[in-house]
Amino acid sequence: DGGTASQIINNFISKKADLICAIATPIAQAAYGGAKKDNVPVIYTAVTDPVAAALANEDGTPVGEVTGTSDKLPVEKQLEMIRKILPDAKKIGILYSTSEVNSEYKAAAPDYGFEIVEGAVTSTADIPLAADSILEKVDCLNNLTDNTVVSSLPMILDKASKKNIPVFGSEVEQVKIGCLASMGLDYVDLGIQTGKMAAKVLKGEKKASEMNFEVIEEAAFYGNSKVAGNLGITLPQELTDSAAAIFDEITQ
């Protein structure tokens, strides 16, 4: 909620915060908007597209005392992975929140023989109906790092499982709880990378405005053999041989 976000940021500023760390696009935008008049630096993380979110210029340089890390997914690697696991699939469903700046899947999908079917939601209340609708039209779902949708991921996984439709994740924790696989990132690693940037600002080594935003160094393959077995799918050996982790259970 934008109003709540502004209240939180104003509270931080009134308490003379030396730095604000903002997680995900909406709060990062609110933090920079509220903090720039007091010149309080903002370090963000898990912002998919800092340029589209107006937090960075086209060349990656900050628009002010704001920088951080992007959780932008390796779209082509993810699509290539899905094609290897589901060689006959044609349609990929994506649920996304209208308040979040998100991916380039639609542009890249045709290169891998896929059509993207989108389902837009404005709140978690919209997700059950949107999930039911999209599951009638697709061969699989691809879950993004969208906060609104991720909060309802267990429900989406349950609905997809009942229709025997695979759901691909975007990071390791999603694979642990029931997504089939991901060519994604580890948010702990992203957090460490973000923390190092914040430390430079707090130590006075650099200003936020002097550091371009960063992306995670390398995406890795994560798979869930339990989910694969439930779906009657065999994960290709070329993916499992190079996997960062293969999970053999579904955690809650």
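Which element gives the largest share of the lining of the largest pocket? That share, 5 residues, comes from H7. Please keep in mind as you look around that this is a predicted model.

**The largest pocket**

- The space in the largest pocket comes to about 280 Å³.
- Its lining is made up of 17 residues, and those closest to the centre are Leu157, Ser161, Gly178, Val227 and Ile250.
- Two or more lining residues come from each of helix H7 (153–162) and H10.
- Sorted by class, the lining of the largest pocket holds 11 nonpolar, 5 polar and 1 charged residues.

**The second largest pocket**

- For the second largest pocket, the volume is about 190 Å³.
- Here 15 residues form the lining, with Ala46, Asp71, Thr145, Asn147 and Tyr187 the closest to the centre.
- Helix H6 (147–150) and helix H9 (187–202) are the elements that supply two or more residues to this lining.
- H9 gives the largest share of the lining of the second largest pocket, at 3 residues.
- By class, the lining of the second largest pocket splits into 6 nonpolar, 6 polar and 3 charged residues.

**Asn142, a residue in a strand**

- You will find Asn142 in strand S6, which covers residues 140–142.
- Asn142 counts as buried because its relative accessible area is 1%, and the cut-off for buried is under 20%.
- The side chain of Asn142 makes a polar contact of 2.9 Å with the side chain of Gln78.
- Leaving aside residues up to four places away in sequence, Asn142 touches Gln78, Ile82, Ile92, Gly93, Ile94, Tyr105 and Phe168.

**Ile233, a residue in a loop**

- Ile233 sits in the loop that runs between helix H10 (225–231) and helix H11 (237–240).
- Is Ile233 buried or exposed? Its relative accessibility is 17%, so Ile233 counts as buried.
- With residues up to four places away in sequence set aside, the residues that Ile233 touches are Ile85, Leu86, Pro166, Leu180 and Ala228.
- From Ile233 to Ser209 there are 24 residues in sequence, while their C-alpha atoms are 48 Å apart in space.

Conventions
Residues numbered from 1 in each chain as written. Predicted model: local features only at pLDDT ≥ 70, side-chain atom pairs only at ≥ 80, totals over all residues. Heavy atoms only, no water. Helix = DSSP H or I, 4+ residues; strand = E, 2+ residues; numbered from the N terminus. Buried < 20%, exposed > 50% of the residue type's maximum accessible area, 1.4 Å probe, protein only. Contact = heavy atoms within 4.5 Å. Polar contact = N/O pair within 3.5 Å; in protein donor to acceptor, adjacent residues only side chain to side chain. 1 Å grid on protein atoms, 1.4 Å probe; cavity = no way out; pocket = protein on both sides within 12 Å on 5 of 7 lines; lining within 4 Å. Points joined across faces, edges and corners; volume = space filled by probe spheres on them. Nonpolar A, V, L, I, M, F, W, Y, C, P; charged D, E, K, R; others polar.
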